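Hi everyone, thanks for making time today. Let me put the sequence and the model up on the screen, and then I'll walk you through a few parts of it.

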Amino acid sequence: MTARLFIDGAAGTTGIDIRERLTGRTDVAILLLDDASRKDPAARRAALNDADFVILCLPDDAAREAVALIDNDRTRVIDASSAHRVADGWTYGFPELEPDGETRIAAATRVSNPGCYPTGFLALVRPLVRAGLIPADWPVSVNATSGYSGGGKAMIADYEAGGASAFRPYALSLAHKHVPEMTVHAGLAHAPIFAPAVANVRQGMVVEVPLPLHALPGRPTLASLSDALSAAYDGQPLVTVANDQPAGIAIEENAGTDRLTLRVLGNDTTGQARLVATLDNLGKGAGGAAVQNLNIMAGLDPLAGLHR
Ligand SMILES: NC(=O)C1=CN([C@@H]2O[C@H](COP(=O)(O)OP(=O)(O)OC[C@H]3O[C@@H](n4cnc5c(N)ncnc54)[C@H](OP(=O)(O)O)[C@@H]3O)[C@@H](O)[C@H]2O)C=CC1
Ligand SMILES: CC(=O)N[C@@H](CCC(=O)OP(=O)(O)O)C(=O)O
């Protein structure tokens, strides 16, 4: 079977990336609108209802509008925006996160693609909360740095014109749009303190969760945390729990791939840990995850077109 796919927002950063990833595939046929009609509601409505699958690569409001334009119960949607990540009736599109994740995505008609930062954060924290190693009411914090392509066309243009800062912490009022999905899908009682920054590198991301092991109820060791992550992702080809002790970690480690690498680093003597994830904000953090979800929903090879 050939899956008929419409990408709404195909001219943007994520849309172009997904089109490139699907080039040459014979199991997916892409429906495109020309430049004159790509923002025309009537043309979008027709394409949205004609397709078997739709990937929304739009700002949040436009993504909500696109969903409202679908008036049949056959078209299945993957939304790359943050509009539906904690919405009722939507399945969170992170197949490796829960034991039944892939099964639920395969059956879903509405799938929300995870945010780039939440992908790293949840991969580190969710299995530890599920295993009881981090209590649900623990005051978690998360520091992260993204490549500038995470800010879409406007931020890419700023950086590539040479005028933007080399390293810029932001979201300083602690109300970043990713906090709700981090809280809900980690199973935490309180919002984590999320401190993101953008760096002068096109693609790549480091997400770090510091943990005072000495203060946690079970006083876990580094090895017990690492073992819990390894067990959670056993057999998952895109997720690696590395047991190395690098002197430093490059933000580019997984740039250009759909890999997600997790590490538990730190010091058992002081009882302090640094949980660190690296990924490509456009890979497992966006377009790679969208293609993976499409593959799963359409019953295709789940890893087709992904860069391991
Ligand atoms: N970049 C990233 O790393 C990631 C982005 N995302 C999410 O994916 C979505 C798209 O992001 P990104 O690709 O970066 O953004 P871009 O700004 O690069 O692209 C957005 C595209 O949507 C088009 N668009 C805007 N409004 C409408 C509309 N009403 N109808 C049709 N098309 C419209 C824009 O057209 P025009 O330029 O002409 O206005 C543009 O082509 C966002 O919700 C973003 O949060 C998700 C994960 C990662
Ligand atoms: C560097 C930068 O600006 N990043 C974006 C997030 C990019 C992303 O992946 O967010 P969504 O998946 O929710 O679109 C931001 O902080 O808003």
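Arg4 has Ala29 as its bridge partner in strand 2. This is a predicted model, by the way, so please hear everything I say as computed from it. That pair belongs to the contact between strand 1 and strand 2, which run parallel and are joined by 4 bridges. What connects the two in the chain?

Now to strand 3. Strand 1, residues 3-8, runs parallel to strand 3, residues 53-56, and again 4 bridges hold the pair. Here Asp8 is the residue opposite Leu56. Helix 2, residues 41-50, packs on the sheet and touches strand 1, strand 2 and strand 3. For those of you who like angles, the direction of helix 2 is at about 150 degrees to that of strand 1.

Zooming out, the open sheet has 6 strands in the order 2-1-3-4-6-5, with parallel pairing. Which strands sit at the edges? Strand 2 (28-31) and strand 5 (91-92), each of which pairs on one side only.

Last stop, ligand 2. There are 14 residues around it, and Ser82, Gly115, Cys116, Gly150 and Gly151 come nearest. Strand 9 (193-199) and helix 9 (283-297) are the elements that give two or more residues to this shell. By class, the shell has 8 polar, 5 nonpolar and 1 charged residues. And why does ligand 2 lie between the domains? Because domain 1 (3-114 + 285-297) and domain 2 (116-281) both give residues to its shell.

Methods: Residues are numbered from 1 along each chain as its sequence is written. Chains are lettered from A and ligands numbered from 1 in the order in which they are written. This is a predicted model: local features need pLDDT of at least 70, side-chain atom pairs count only at pLDDT 80 or more; totals for chains, interfaces and linings use all residues. A residue is near a molecule or strand if its C-beta atom, placed from the backbone, lies within 6 Å of it. Ala, Val, Leu, Ile, Met, Phe, Trp, Tyr, Cys and Pro count as nonpolar, Asp, Glu, Lys and Arg as charged, and the others, Gly among them, as polar. Domain bounds come from an automatic or database domain assignment. Two strands pair if DSSP finds at least two bridges between them. Two residues are in contact if their C-beta atoms, placed from the backbone, lie within 7 Å. Axes are lines fitted to C-alpha atoms, for helices over the stretch in contact, and angles run from 0 to 180 degrees between N-to-C directions.
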